[in-house]
Amino acid sequence: MKKVLLFSLLIFQSFMFLLQGQVRTRSYVADAELESRNHNVNFTHLKLNVAFEPAKKLVKGDVVLAFTPLSQNTDSIWLDGIKMTVLQLTLNGKDAKYRTDSAGITIYTGGALQWESKDSLEIQYQCTPARGLYFIGWNDTTGVCRRQIWSQGEGTDNRYWIPMYDNWNNKLLTETIITFDKNYEVLSNGTRLNVKENKDGTKTWHYKMEHPQAPYLIMIGIGKYEVDERKTKSGLPVHLWYYPDWKNRVVPTYRYATEMIDFYEKEIGVKFGWESYSQIPVQDFLYGAMENTTATVYGDFLMVDDRSYLDRNYIGVDAHELAHQWFGDLVTCRTSASMWLHESFATYYSSLFDLDMFGQDYFDWERRGFENAAITENKKNTYPIGSSLGGTTRIYPQGAFVLNMLKYVAGGREIYNKAIKYYLEKHKYQNVESNDLLKAFEETTGMGLHWFWNEWIYRSGEPDYNVSISRLGSNPEHGPVEISVTQQQELTELTGLPASADDTRPSGLFKMPVVFEIHYKDGSVDKKQVWIEKQNEKVLFENNGGKEVDFVLFDPGNQIMKTVTFHKTFAMLKAQALRAGNVLDRYDAVAAMQPLALADKRAALIEIYNKETFHAVKDEIVAQLIDDTAPDSRKIIHNAIHDKDVNVRKSTLANVKTIPADLLPDYETLVNDSSYNVVATVLDLLYASNPQGMPKYLQALKGVSGTVGRNVEVKWLELSAATATGQDKGQFIQKLVDYTGNSYEFITRINAMNALKRLDYFDMPLLANLVNAAENENGRLAGPATEHIEMWYGQDARKGVIASYLKARINDPAMPRALKLMAE
């Protein structure tokens, strides 16, 4: 018996040795967020009754949490709740023992709860949240600032003002009851059931959700508002909130509010999954917007009038947040490792709305922006999209580009939409992870797409192709065309596809179906789609008709994320720029002319400009001709200054360094441009190039505020101060100092800070305003303010006074560490 066992062991060891020699390994970035957070109970319902003392930033709440134990031996329950003061806590109606710390509350059940029983907790509490809930304007003594309260719960910040299990992997029904000053309006998630007026000068608003949502999506918004009521084609109520004094901004801001919902319901194939949809602007919002279920909050800097619409508008953000009602709210990622299932989809579907509304060129140029951002990010590290480490660029623009590639690989819009519809309906009101989307595509299309997920979701990078053309046969001008493709990216274990089992393909190569096009001078086209997956490939076009080639396209329309080296003759570039159907192919041809001498390309660029209709190609031509003094080039710049497309006018200003005398009258017309950003930019250029004309320009713009952030007025004050003397100069500077204070929204404050920096002006009121801004919860204000203080502190003449001021406030808990270091 012992001999048999020994022999068997030897065979097994030999087999394992051989097996280990054949097994391929696959490398992925380690990510702790792949695992869901443990929780021993499932919360099913949250009912929040809350009131506020805004001057104290105080929350007074009562929350009831219904739950079912998931564990057979549940003897304690954990709730997230940052620095909560618990006044009373009951479990199933009876007082319960609990312990609090700075992170939350541990409740002791007094014996194991029954498995899958229905239980409830009620907690009366108070807190002064450092995050999650924001009190705007209550400390402004001038009365200029709007007074608001609004929440921002993503990622897990609602725990700062609501004690609860605050994690994405437990969706629950929510109900909010808010009591506040009757002169204000209140918005929260779901249907407003009623509003009750109380005897003490307050009202109580009651909102309730019909379907479960993730805890981070709970929201409130309080302020002085009116509401524009609309309905979609399918009858969905849409409530568009606005400030009463900004009624003129309602139409441009909410221009396509209902049309977007109609578009998404048709494109996605799944009806809007909630009972209504509201949108509300708030001051000093931390981001662009937030897709709370049924109630999007957005920064009021996006609520613009008709003129400001040309510079920045709400359309793209509106479409992005609306898409989240499907991707993020209806289906919610289980952990942050799958966050791309929210943000990539919202970014992509926003661009699809742009395609529908503004056309193919607009959509493709947006995709090029996605691609450029992704390629830049991929140079920094090898984190993938499907990882909590990926970062903003990967889960927003890169993921959006990858979704369009997925549509391309899957076979187009119809089959892609079928899979997305199946995915949403299968996981409606549930949590998902990256693999759930893969399964949805495989179950609806029958395609094996693990390779795509490996290549583009779980691993990083993009292919770097070197493409060249060879002309074959005895008459090369009319003979066969051979296109050689080499993948020349660095081959690593964390990019592209893993190595093949038979070692014929090393790790780091990419596999994609690539379209090749040969355009002939007679207008005909030969086209092939070839799977490129080896390091070196060749594609042959027979050219049986012996046609003369006009130009060649590798991946026309830029369907694949990549970098490419493809040297072409000038004649081929010119033909491509004039005759390619896709704007990206035309743009790439013009961009490839950058190294060429002006004399060699001037006539072609002018011909292309006069034929082109899309701004991006015109912008590139302007950049190449801006310093050319030839009369024909000067005419192009003249035309660009007066182009009806504001993007071309902006591009011209971005490229010119000094205004030439012969074009000064043209640039002067931009003082009265329809774009506030053009006006502010041209003022700087005119100040540098024609300072003697400043009184005329400033008089023309007196009283013009500009777009959000008072950009024209701040520039007007800056240049007025720069050209004035005495008491007048002091008045202009004092207004700029005032604009850095907390009576104003953060963009105005930053604009004023920058203007004073350029004027090299510093005083103690400015320092006080800068410190106030540096202590603000909004990092987009606090960061620049801290940088300004550091800049002034770096000057010997001001270091002492700044250090003394900060030292007197050293015990202020809101003071950032960077400022405390200056005081020590």
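Q: How many salt bridges does the count come to?
A: This is a predicted model, in which local features need pLDDT of at least 70, side-chain atom pairs count only at pLDDT 80 or more, and totals for chains, interfaces and linings use all residues. Residues are numbered from 1 along each chain as its sequence is written, and side-chain values use heavy atoms, with hydrogens and water left out. A salt bridge requires a side-chain nitrogen of Lys or Arg within 4 Å of a carboxyl oxygen of Asp or Glu. By this rule the count is 41.

Q: How many residues apart in sequence are the parts tied together by arginine 146 and aspartate 245?
A: The two side chains form a salt bridge at 3.0 Å, N to O. Arginine 146 is in the loop between β9 (133-136) and β10 (148-151), and aspartate 245 is in the loop between β17 (237-242) and α2 (250-253); helices (H or I, at least four residues) and strands (E, at least two) are DSSP runs numbered from the N terminus. The pair therefore ties together parts whose separation in sequence is 99 residues.

Q: Is arginine 649 buried or exposed?
A: Arginine 649 meets aspartate 673 in a salt bridge of 2.8 Å, N to O. Buried means under 20% relative accessible area, exposed over 50%, and partly exposed in between (1.4 Å probe, protein chains only). Arginine 649 has a relative accessible area of 8%, so it counts as buried.

Q: Which helix holds arginine 798?
A: Arginine 798 forms a salt bridge with aspartate 760, with the closest N and O atoms 3.4 Å apart. Aspartate 760 lies in the loop between α22 (746-758) and α23 (764-774), 38 residues apart from arginine 798, which is in helix α25.
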